[in-house]
Amino acid sequence: MGEDGTVTSAPQRPDGPTPAPRLIATDLDGTLLRDDKSVSLRTVAALAAAEEAGIEVFFVTGRPARWMDAVSDHVHGHGLAICANGAAVVDLHAGREFVEVRALPRATALTVVETLRNAAPGTSFAVERTTGINYEPAYPPFFQDPGATVATAEKLLHEEPEETAPVLKLLAHHSELAPDEFLALARSAAGAYASITRSSPTALLEISGLGVSKASTLERCCAERGITPAEVVAFGDMPNDIEMLRWAGTSYAMGNAHPDVIAAASGRTVANNEDGVAVVIERILADRAAATGHEAL
């Protein structure tokens, strides 16, 4: 069940004409992936059909590069993915090599840590670098990263040279505050220093360099290809997707999406467990085939 109640009926088309897209940008968790973190056969087929039809697909996720195995086999063409909420562009065809990094300066991260400790006592932190994640003793452990260093955020931010291991994002967790309450508090206290969002159902915030987001990095990637916002269809389910959904010419909130995401998107599709992304891609390809008189893939 999503934060606004799961929708399993037919997708709601955006109002007005929808131009033929040149690029599809999709979030992963809660959007493209099912709740068991798998990519359904229907979705695999839809992604391949889109690429075959000349529509580029970009995975745009809060996940770090090392957690992209679930979709690495389903990236066609360019092989690129936007990770860490826009802080990194990685090449999944080249072993998750970093193509671009938009780092959170260490001095800024230290300022945010100090500010949030004062504004929300009990906050614990993790530091996500290009080399992996490390976290404080009170931070919920990442069992996917058993080799992590455990120390205070202040110490962690001085552990590795900033030049060779840039900080992609800072994560902040609170065990008592409600997720949206924590987000609003953090933005009020530290929003002048960094971009703050969330994608977890818990009070876990993701903090990037000021101006760094899924939307801003996607915009850069599209500009390199001569693709305008009107030629982009985007999908998402959580607050870290909102800027991207607003930027794209056509956007869909998943049936399981956060209420703020539903308000930001121009349309709505069915839930991730019902292959909501694939449903829309199939319709796009069917509309294109009907317009050209060819049978859809």
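Two strands count as paired here if DSSP finds at least two bridges between them. Helices (H or I, at least four residues) and strands (E, at least two) are DSSP runs, numbered from the N terminus. Everything below comes from a predicted model, where local features need pLDDT of at least 70, side-chain atom pairs count only at pLDDT 80 or more, and totals for chains, interfaces and linings use all residues. Residues are numbered from 1 along each chain as its sequence is written, and side-chain values use heavy atoms, with hydrogens and water left out.

**View 1. A hairpin made by strand 4 and strand 5.** Strand 4 (residues 88–91) runs antiparallel to strand 5 (residues 97–101), and four bridges pair them. Look for Val-89 opposite Glu-100 in strand 5. Five residues sit between the two strands, and Gly-95 in the turn has a positive phi of about 70°.

**View 2. Phe-235 and Tyr-252, a stacked pair.** Rings of Phe, Tyr and Trp (its six-membered ring) pair if their centres lie within 6.5 Å; planes under 30 degrees apart are stacked, over 60 edge-to-face, and the rest tilted. That rule gives two aromatic pairs. In this one the centres are 5.5 Å apart and the planes are at 15°, so Phe-235 and Tyr-252 are stacked. Phe-235 is in strand 11 (residues 232–236) and Tyr-252 in strand 12 (residues 250–253), 17 residues apart. Phe-235 is buried at 0% relative accessible area (buried is under 20%, exposed over 50%, partly exposed in between; 1.4 Å probe, protein chains only). Tyr-252 is buried as well, at 3%.

**View 3. Positive phi at Lys-37 and Ala-84.** Neither Lys-37, with phi of about 70°, nor Ala-84, with about 55°, is a glycine. Lys-37 lies in the loop between helix 1 (28–32) and helix 2 (41–52) and is partly exposed at 43%. Ala-84, in the loop between strand 3 (80–83) and strand 4, is buried at 0%.
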